[in-house]
Amino acid sequence: MGALTPARGSKEPQQERSRATRLKLLEAAVACLAERGWTGSTVSVVAERAGVSRGAAQHHFRTREDLFTAAVEHVAEKRQGALKALAHNLPPTGSIARTWIIVEELVGLYTGPLFRAALHLWVAASDEEQLRERVTALEARVGREAHRTAVALLTADESVPGVRETVQGLLDMARGLGLANLLTDDSARRDRVVAQWARIIDSTLSV
């Protein structure tokens, strides 16, 4: 029985290495997609950036589509997790400072590399049949989770008329700010819009 122990033990480092390789590939894929777009982001390019072989990349992800949809979903989940963790470090419920921080963080979902990467994936999916169904399903899941997270952070009661639409309007506005930020630095105008939306949200939830 003792002879089996090293074999079991050797599996754990191997699994850890496999998980680490997969994580490197996912994060490299998002970075490549954000910087190079769909056309310039091949499996070989991602593997090189991640510091692994193309064979290792294909071991983890059978197709290019598998790699990039998994990558965008992975980073979206990380971002959502960070947003949820924010709840433990917010000012008291009912303060405009709390609302402003939440609105700013939600807008941050759509103004960083993840949004840029996701946008390239959406554009590619509009032209490539094999991508369209999975990207549509992915976007629906990410959108629903973003809405749930926003409602939880804002402690919004969606049974009150207009509250659900206001929260959804906030997320739609955030996407618009993300698009505006793709070509130019829109941070100055974005700060003013975030402040105004914080006031709108605060007013709606206080009714």
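**Entry 1: α5 against α9**

I looked up which residues of α5 meet α9, counting a contact when heavy atoms lie within 4.5 Å. From α5 come Ile-96, Thr-99, Trp-100, Val-103, Glu-104 and Val-107. They meet Arg-190, Val-194, Ala-195, Trp-197, Ala-198, Arg-199, Ile-201 and Asp-202 of α9. The model is predicted, so I note its limits: local features need pLDDT of at least 70, side-chain atom pairs count only at pLDDT 80 or more, and totals for chains, interfaces and linings use all residues. Residues are numbered from 1 along each chain as its sequence is written, and side-chain values use heavy atoms, with hydrogens and water left out.

I sorted this contact by class: 9 residues are nonpolar, 1 is polar and 4 are charged. Here Ala, Val, Leu, Ile, Met, Phe, Trp, Tyr, Cys and Pro count as nonpolar, Asp, Glu, Lys and Arg as charged, and the others, Gly among them, as polar.

Next I checked the geometry. Helix α5 covers residues 96-108, and helix α9 covers residues 187-206. Their axes are 9 Å apart, at an angle of about 125°. That makes α5 oblique to α9. Axes are lines fitted to C-alpha atoms, for helices over the stretch in contact, and angles run from 0 to 180 degrees between N-to-C directions. Under 35 degrees counts as roughly parallel, over 145 as roughly antiparallel, 65 to 115 as roughly perpendicular, and the rest as oblique.

**Entry 2: α8 against α9**

How do α8 and α9 run relative to each other, roughly parallel or roughly antiparallel? Their axes come within 11 Å and cross at roughly 175°. The two helices are therefore roughly antiparallel. From α8 I listed Val-163, Thr-166, Gly-169, Leu-170, Met-173, Leu-177 and Ala-180. Their partners in α9 include Arg-189, Val-193, Trp-197 and Leu-205. This contact divides into 10 nonpolar, 3 polar and 2 charged residues.

**Entry 3: α4 against α6**

I found the axes of α4 and α6 10 Å apart, at about 150°. That makes α4 roughly antiparallel to α6. Phe-68, Thr-69, Val-72, Val-75, Ala-76 and Arg-79 of α4 make the contact with Leu-114, Ala-118 and Leu-121 of α6. By class I noted 7 nonpolar, 1 polar and 1 charged.

**Entry 4: the cores**

A nonpolar core is a set of buried Ala, Val, Leu, Ile, Met, Phe, Trp, Tyr and Cys residues joined through side-chain atoms within 4.5 Å. Buried means under 20% relative accessible area, exposed over 50%, and partly exposed in between (1.4 Å probe, protein chains only).

The largest core has 32 residues. Leu-25, Val-46, Leu-67, Phe-68 and Leu-121 have the most contacts inside it. The elements giving two or more residues are α1 (4-40), α2 (43-50), α4 (64-86), α6 (113-127) and α7 (129-154). The largest share, 9 residues, comes from α1.

I then followed Val-46. Leaving out residues up to four places away in sequence, Val-46 touches Leu-25, Ala-28, Ala-29, Cys-32, Leu-67 and Phe-68. Apart from this core lies another, of 27 residues, among them Leu-109, Val-163, Leu-171 and Val-194.

**Entry 5: Thr-155**

Where does Thr-155 lie? I found Thr-155 in the loop between α7 and α8 (163-180). Its phi is near 45°, a positive value in a residue other than glycine. Most residues other than glycine have a negative phi. At 48% relative accessibility, Thr-155 counts as partly exposed.

**Entry 6: the whole chain**

I counted 9 helices and 0 strands in the protein chain. Helices (H or I, at least four residues) and strands (E, at least two) are DSSP runs, numbered from the N terminus. Buried residues make up 40% of the 207 residues.
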